[in-house]
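Hi,

Here is the structure I promised to pass on. Have a look at it first, and then read on for my notes.

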Amino acid sequence: MAMTWVWCGMVLLSLVFGAATGRLEEVSAAALDGAQTAIQLSVSMAGVLCLWSGVMEVMNVCGLSAGLARAFRPLLRRLLPEAAKDDETLAAVSANVSANLLGLGNAATPLGIRAACRMARNCGGVASDELCLLVVLNTASIQLIPATIASVRSAAGCRTPFDILPAVWLASVLSVAAGLLMARLLAAAGRWRR
Amino acid sequence: MSLSSLVVPVLLAMVAAVGLRKRVDVYSALTHGAEEGLTVLLRVIPALVGLLTAVGMFRASGAMEWLSALCAPVLERLGIPPEVTPLMLIRPVSGSGALAVATDLMTSHGPDSYIGRVAAVMLGSTETTFYTIAVYFGSAGIHRTRHAVPAALTADLTGFAASALAVRLFFGA
């Protein structure tokens with residue numbers, strides 16, 4: 001529903017602004033152009049996107065995601081000590097994190113939801129501190145190889161679509177750290193107020 | 001020859017070597033994954049058609065410039081180029097919307113321009129926050145989300161500022 005508002009708002013504002021600035025002709029051309037661009041772009045990014053999805057799948061069957069999940073367990077045990085007492089929750093959370101790292105969104109979400117459901121038992125519909133941490137971990141992006149973005153960049157004519165990787169990693173790490181820190185601070189503030 | 005031109009061939013060779021060593025059927029896994037990529041793309045195309053149309057109109061009408069100018073004073077303090085304002089507004093709400101806006105920025109400013117790179121890094125370092133929160137808390141039966149939303153938005157805002165910072169750091173402005 002939110003997107004209905006966004007889309008309608010953009011179209012209506014475009015008409016109002018276009019009329020006010022006398023650029024209605026450009027607006028009309030841009031509308032048809034946009035639809036055409038969408039298909040051209042999708043076709044030109046399809047190759048790179050499919051290739052990297054394939055590479056990710058090979059890594060996956062090689063056991064990379066299982067290895068990553070194992071590697072993250074000690075860290076997650078420290079981040080979510082209560083949830084980690086339950087083996088199955090810890091397994092789901094670490095698999096969720098490793099699927100996110102590999103950019104396997106379709107696999108990551110069900111795993112994360114399974115962990116969230118187990119963590120939400122006996123809490124009467126109120127999110128615990130640790131459940132908030134898990135959600136923040138999932139609303140921040142931690143992706144080793146952002147394949148979709150690389151494919152858009154190469155579709156736009158970039159010769160080295162992967163040269164932004166270090167910048168993406170740095171920004172992701174800072175973003176996740178800030179989110180977790182803020183969640184910790186707000187949880188502490190909540191306890192102090194009570 | 002630069003280091004970044006080595007990334008693709010080296011990574012592909014590495015994956016092939018590891019696959020052979022682990023005795024997995026590399027080729028069928030590759031094609032199976034490619035098929036998955038095609039499914040993802042098919043699902044996003046209808047949204048891209050609708051959104052790129054709206055974004056194109058929005059830019060041509062001058063509304064985009066107005067929105068960017070409106071947010072410019074705050075963003076310049078954070079070191080974020082005001083041109084990416086629409087991307088930051090739509091990022092937490094819609095994944096395909098953000099993809100459409102970022103694509104528009106990359107094609108109109110160039111994928112190797114400062115703004116094009118910032119848009120790409122922003123897209124890669126943040127997530128569809130509100131969607132994720134709705135899915136997780138919705139399926140876990142949580143109605144009091146407490147500090148999850150402010151903390152998640154802090155992560156987004158930090159990600160935006162850090163993206164601009166990281167691009168300046170690795171590429172220069």
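In what pattern do the elements of chain A run from the N terminus on? They go α-α-α-α-α-α-α-α, that is, eight helices and zero strands. One thing to keep in mind throughout is that this is a predicted model.

For the complex, the predictor gives an ipTM of 0.89 and a pTM of 0.89. The average pLDDT of chain B is 92, and 97% of its residues score at least 70.

**The two chains**

Let me stay with chain A for a moment. Along the principal axes, the C-alpha atoms of chain A fill a box of roughly 65 × 45 × 25 Å. Of the 194 residues in chain A, 47% are buried. If you take the contacts in chain A with a separation of 6 or more, 62% are between residues 24 or more positions apart.

Chain B also reads α-α-α-α-α-α-α-α along the sequence, with eight helices and zero strands. The C-alpha trace of chain B spans about 55 × 50 × 30 Å along its principal axes. Buried residues account for 47% of the 173 residues of chain B. For contacts in chain B between residues at least 6 apart in sequence, 59% join residues at least 24 apart.

**Where the chains meet**

How many residues of chain B are in contact with chain A? There are 84 of them, and they touch 83 residues of chain A. On the chain B side, at least two residues each come from helix H1 (4–21), helix H2 (26–60), helix H3 (63–78), H5, H6, helix H7 (129–140) and H8. H2(B) provides the largest share, 24 residues. Sorted by class, the side of chain B that touches chain A has 46 nonpolar, 30 polar and eight charged residues.

Ala38(A) gives you a residue-level view of this meeting of chains. This residue is found in helix H2 of chain A, and it is buried because 24 other C-beta atoms lie within 10 Å. Leaving out residues up to four places away in sequence, Ala38(A) touches Ile45(B), Leu48(B), Val49(B) and Leu52(B). As a distance to check in your viewer, Ala38(A) and Ile142(A) are 27 Å apart in space, C-alpha to C-alpha, and 104 residues apart in sequence.

In soluble globular proteins, nonpolar side chains tend to be buried together. Here the largest nonpolar core has 112 residues, and those with the most contacts inside it are Leu134(A), Val135(A), Val136(A), Leu87(B), Ala102(B), Ala119(B) and Val121(B). Helix H2 (residues 24–61) of chain A gives the most to this core, 13 residues. If you centre on Leu134(A) and set aside neighbours within four places in sequence, the residues in contact with it are Leu80(A), Val93(A), Ala115(A), Ala116(A) and Met119(A).

Why can H6(B) be called largely enclosed by the rest of the structure? Because 10 of its 12 residues are buried.

**Two backbone angles to look at**

Finally, two arginines of chain B are listed here for their phi values. Arg23(B), in the loop between H1 and H2 of chain B, has a positive phi near 55° without being a glycine. Arg23(B) counts as exposed, because it has 8 C-beta neighbours inside 10 Å. Arg146(B), in the loop between H7 and H8 of chain B, is not a glycine but has a positive phi of about 50°. With 18 C-beta neighbours inside 10 Å, Arg146(B) counts as partly exposed.

Definitions and conventions:
Residues are numbered from 1 along each chain as its sequence is written. Chains are lettered from A and ligands numbered from 1 in the order in which they are written. This is a predicted model: local features need pLDDT of at least 70, side-chain atom pairs count only at pLDDT 80 or more; totals for chains, interfaces and linings use all residues. A residue is buried if 20 or more other C-beta atoms lie within 10 Å of its own, exposed if 12 or fewer, and partly exposed in between; C-beta atoms are placed from the backbone. Helices (H or I, at least four residues) and strands (E, at least two) are DSSP runs, numbered from the N terminus. A nonpolar core is a set of buried Ala, Val, Leu, Ile, Met, Phe, Trp, Tyr and Cys residues joined through C-beta atoms within 7 Å. Two residues are in contact if their C-beta atoms, placed from the backbone, lie within 7 Å. Ala, Val, Leu, Ile, Met, Phe, Trp, Tyr, Cys and Pro count as nonpolar, Asp, Glu, Lys and Arg as charged, and the others, Gly among them, as polar. pLDDT is the predictor's confidence in each residue, from 0 to 100.
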